[in-house]
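Let's take a walk through this structure together, from the whole chain down to single side chains. Keep the view open beside the text as you read.

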Amino acid sequence: MHQGALYALLAAALFGASTPFSKMLVGHVSPVTLAGLLYLGSGVGLSIWYLVRRALRRNEQDGDGLRRKDLRWLAAVILSGGIGGPILLMLGLSSTPASSASLLLNMEGVLTAALAWFVFKENFDRRIVLGMLVIVLAGVLLSWQQVPEFGVPWGPLAILAACLCWAIDNNLTRRISASDAVQIAAIKGLAAAAVNLTLAFSLGAQWPAAASIGAAALIGFAGYGVSLVLFVLALRHLGSSRTGAYFSAAPFIGAAISLLVLHETVGGLFWLAAGLMGVGIWLHLTESHQHPHTHEEDEHAHSHRHDLHHQHQHDFAWDGREPHSHSHRHLPISHSHAHYPDIHHRHQH
C-alpha cells in the first residue's frame, strides 16, 4: 500500500473512532461545547508534542516549520475550515433533520475533488472519477435513513456552505502540506477551539464536569489532532481529491466501532455501502499514473530521503540520518515514472 494511502486510512480510522466515543459524552456536554473541547484537546495536545519535539531537536538543522510565505494560506485554512465550517454547520443543524444533514455532509468529498480537479488543476482520470463516484454512492447509502425532508431551505444551504468551506480548507492545506504537519494541526486545533468555545459560552453553556472535559480532550487529541496530522501527511503524498476519497472511509469505521462498543445494529444498506466503499478504495489503490513530465525548479522544506527527487548537497554538517528535514532546492529534471499529485508532481497534463 502506498504510504500516503496508509496515512489517509489511519486518519480516517482515528476520526471515525472519535464519533462513537464522542457520542457517549453528548448527554453530558452540549454539542457546541463538545466540539470546542475536542478541538481544544487536539490543539493543546499537539502543541505540547510540538514543543517537546522542538526541545529535543534544538541542536539540529531547522526543519520543515511554517514559513512567512505559508502564513496567508494557514490564515485562509483557519478561516474556512476552523471558523466558517463549524459555524455554518451549527446554523444548518438548527433547522435541518439529522438524516438530511448526514446526507448533505457527504458533499464535502465531492466538493473537495471538484475544487482539486477544476480549480487547482489536480490530475485525474476515469478510474479515479469512477472510484470517487462509488465512494460517494456508498456514503449516500450509509446516511440514507429516510427520504430527506429539507423543510426551510436555509438549513441545507448552510450545511452545503459548510461542506464548501471544508473543501476549500482541504485544498488550501495541500498548499502548505510540505510544512510541519504537527505545527499546522496544532494551530488549526487551537483556533477552532477558541471559536467553538466562544460560541458555546455566548449561547449560555457552562463548563462540564472535569471527567467529561478530560475524556473529550483525549478523544480530540487522537480523533481530531493525530488524525489531522496524518491527513496533512496524506495530502503531501496524494493530493486533495485522493486523500478525501480515502478519508471517506471514516463513517464506516465509526459504524463498525459502534457495533462493538455501543452495541448498535445495522441493516443491509450498511453492508452494501461497505462493499461499495471497498470497491472505490480498491480502484484508487490500484491506480497507475505514468507519463513523461518535467519538474520545474523549486525550493521548500519537508521530511525526505535522498531518493530520485532529492539529489542535493548540504550546506551544513549532516550526520547521514534519513529521513531528515531542511530547506533544499530542486533543480529542473525531466523523466517518467508512476506518480501521484504529491508535493513534487503538481504539474499540467
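**A guided walk through the chain**

The protein chain has an accessible surface of about 17100 Å², and 65% of that area belongs to carbon and sulfur atoms; areas come from the Shrake-Rupley method with a 1.4 Å probe, and for residues only the protein chains shown count as cover. Please bear in mind that this is a predicted model, where local features need pLDDT of at least 70 and side-chain atom pairs count only at pLDDT 80 or more, while totals for chains, interfaces and linings use all residues. Residues are numbered from 1 along each chain as its sequence is written, and side-chain values use heavy atoms, with hydrogens and water left out.

The chain holds 12 helices and 4 strands, taken as DSSP runs (H or I of at least four residues for helices, E of at least two for strands) and numbered from the N terminus. Of its 349 residues, 50% are buried, where buried means under 20% relative accessible area, exposed over 50%, and partly exposed in between (1.4 Å probe, protein chains only). Among contacts between residues at least 6 apart in sequence, 86% join residues at least 24 apart; a contact here means heavy atoms within 4.5 Å.

The patch is formed by Val44, Ile48, Val52, Leu56 and Leu190, with about 460 Å² of accessible area together. Patch members have over 30% relative accessible area and no salt bridge, with like charges joined within 9 Å and nonpolar side chains (Val, Leu, Ile, Met, Phe, Trp, Tyr) within 5 Å. Leu190 comes from helix 8, residues 181–202, and counts as partly exposed because its relative accessibility is 37%.

What about the charged side chains? The whole structure has 2 salt bridges, each a side-chain nitrogen of Lys or Arg within 4 Å of a carboxyl oxygen of Asp or Glu. In one of them, Asp180 meets Arg53 at 2.1 Å, N to O. Asp180 sits in the loop between helix 7 (154–175) and helix 8, and Arg53 in helix 2, so this pair ties together parts 127 residues apart in sequence. Asp180 is buried, at a relative accessible area of 5%. Asp169 and Lys188 also form a salt bridge, at 3.1 Å, N to O. Here helix 7 holds Asp169 and helix 8 holds Lys188, so the parts tied together are 19 residues apart in sequence. Both Asp169 and Lys188 are buried.

Now to the rings. There are 6 aromatic pairs in the structure, counted when ring centres of Phe, Tyr or Trp (its six-membered ring) lie within 6.5 Å; planes under 30 degrees apart are stacked, over 60 edge-to-face, and the rest tilted. Tyr39 and Tyr224 are edge-to-face, because their centres are 5.3 Å apart and their planes stand at 90 degrees. This pair links distant parts of the chain, with Tyr39 in helix 2 and Tyr224 in helix 9 (residues 210–238), 185 residues apart. Tyr39 is buried at 19% relative accessible area, whereas Tyr224 is partly exposed at 21%.

Beyond its neighbours within four places in sequence, Ser212 is in contact with Leu25, His28 and Val29.
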